[in-house]
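The sequence and the structure are shown first.

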Amino acid sequence: MNEPIIVCPDEPVLLTRMRGQALVIRTRDPAAIASLAVRTNGTNALHAVWLDSDQPLDDIPIESRWAGVTLVIRCAGIASVKGLSPRMPLLRRLPLRIFIPAHLPSAFVDLHILSSLGISCGLIVDASFDRWQELNDLMHYAVYCKAPHAPIEPFNYVVTHYHPEKMTDFDAAYFNAPGQYLHVNNREEIALTQEDLQSGRILAKGLGALETITASPAFRKSQYAWRKRFLEMSSCASCPGWRVCLGKYADAVPPTTGCSEFFSDLLDAADFYRRKRDDGRMDECR
Ligand code: SF4
């Protein structure tokens with residue numbers, strides 16, 4: 001198993017103590033992004049920077065100095081195409097993805113616009129999500145539409161990583177897949193996901209634990225947490241979309257409807273993409 005990548009805040013003392021680690025650094029300050037590449041250069045592999053913003057993309061300053069940083073921007077939609085237009089060439093050129101939370105009414109329209117403009121983007125979906133038909137429509141656009149457009153997550157992750165005999169965890173597109181990433185806060189608490197960290201579901205405390213955590217019983221147990229769906233004989237156990245959903249919406253309150261149909265369609269899309277790729281006919285995907 002590869003060493004997990006550490007997701008942590010932009011906290012100078014913490015970063016100094018994590019020399020040698022591969023990092024995803026979270027920040028709320030756009031002005032800090034360019035310096036992060038410089039500050040970690042030679043001491044860490046900077047996997048990506050995650051910028052959290054409550055502003056729409058129009059109001060976030062975008063800098064050409066970010067060219068050397070893989071960047072995810074979580075923002076409150078795009079506000080207007082007119083506002084984006086002057087910055088479109090820069091947005092297309094930078095290695096960035098724009099993530100928009102699914103609870104925003106304009107999220108699906110915004111993602112459709114961004115993708116059609118050639119800007120990589122993605123939807124942030126939480127466990128109480130219930131807009132399955134809209135999600136399915138966006139997925140069909142992302143995977144089947146022949147007009148040129150940029151990738152949309154999590155569909156892009158699923159179709160490009162899908163293996164018919166394995167499980168595909170699209171949380172990796174959000175640096176959140178347990179086992180591939182570990183999340184650390186200023187108090188040096190370590191958790192499997194950002195949600196676990198914020199909810200106090202802590203695996204260990206102290207950066208020293210990072211060296212041994214993947215061998216710990218708690219970590220190993222977390223790798224097989226999905227098995228409980230089968231032991232409970234929940235509806236997930238017989239769901240055709242299990243291999244790409246992994247029961248992420250099973251605990252939603254009220255229970256989600258439409259999840260199974262969506263993930264079944266996403267599996268079909270992943271098979272479609274794989275066949276086209278194997279046949280060398282990717283032009284039929286985009
Ligand atoms: S799609 Fe719904 S029923 Fe199927 S595995 Fe996911 S949460 Fe369970």
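## Overall fold and ligand shell

Of the 286 residues of the chain, 32% count as buried. The model is a predicted one. Its secondary structure comprises twelve helices and ten strands. The radius of gyration is 19 Å, close to the 19 Å given by the globule rule for 286 residues, so the chain is as compact as a globular protein of that length. Contacts between residues 24 or more positions apart make up 49% of those in the chain with a separation of 6 or more.

The ten strands form an open sheet with mixed pairing, in the order β7-β6-β5-β4-β3-β2-β1-β8-β9-β10. Strands β7 (152–153) and β10 (204–205) stand at the edges with a single partner strand each, so one side of each has no neighbour in the sheet. Within the sheet, β2 (residues 22–27) and β3 (residues 45–52) run parallel and are joined by six bridges. Val24 stands opposite Ala48 in β3. Helix α2 (residues 33–40) lies across β2, β3 and β4 (71–74), and it runs at about 160° to β3.

The ligand is surrounded by 13 residues, of which the closest are Cys236, Cys239, Cys245, Tyr249 and Cys259. Two or more residues of this shell are given by each of α11 (242–245) and α12 (259–278). Helix α12 provides the largest share, three residues. The composition of the shell by class is tabulated below.

| Class of shell residue | Number |
|---|---|
| Nonpolar | eight residues |
| Polar | four residues |

How values were computed. Residues are numbered from 1 along each chain as its sequence is written. This is a predicted model: local features need pLDDT of at least 70, side-chain atom pairs count only at pLDDT 80 or more; totals for chains, interfaces and linings use all residues. Two strands pair if DSSP finds at least two bridges between them. Helices (H or I, at least four residues) and strands (E, at least two) are DSSP runs, numbered from the N terminus. Two residues are in contact if their C-beta atoms, placed from the backbone, lie within 7 Å. Axes are lines fitted to C-alpha atoms, for helices over the stretch in contact, and angles run from 0 to 180 degrees between N-to-C directions. A residue is near a molecule or strand if its C-beta atom, placed from the backbone, lies within 6 Å of it. Ala, Val, Leu, Ile, Met, Phe, Trp, Tyr, Cys and Pro count as nonpolar, Asp, Glu, Lys and Arg as charged, and the others, Gly among them, as polar. The radius of gyration is taken over C-alpha atoms; the globule rule is 2.2 Å times the number of residues to the power 0.38. A residue is buried if 20 or more other C-beta atoms lie within 10 Å of its own, exposed if 12 or fewer, and partly exposed in between; C-beta atoms are placed from the backbone.
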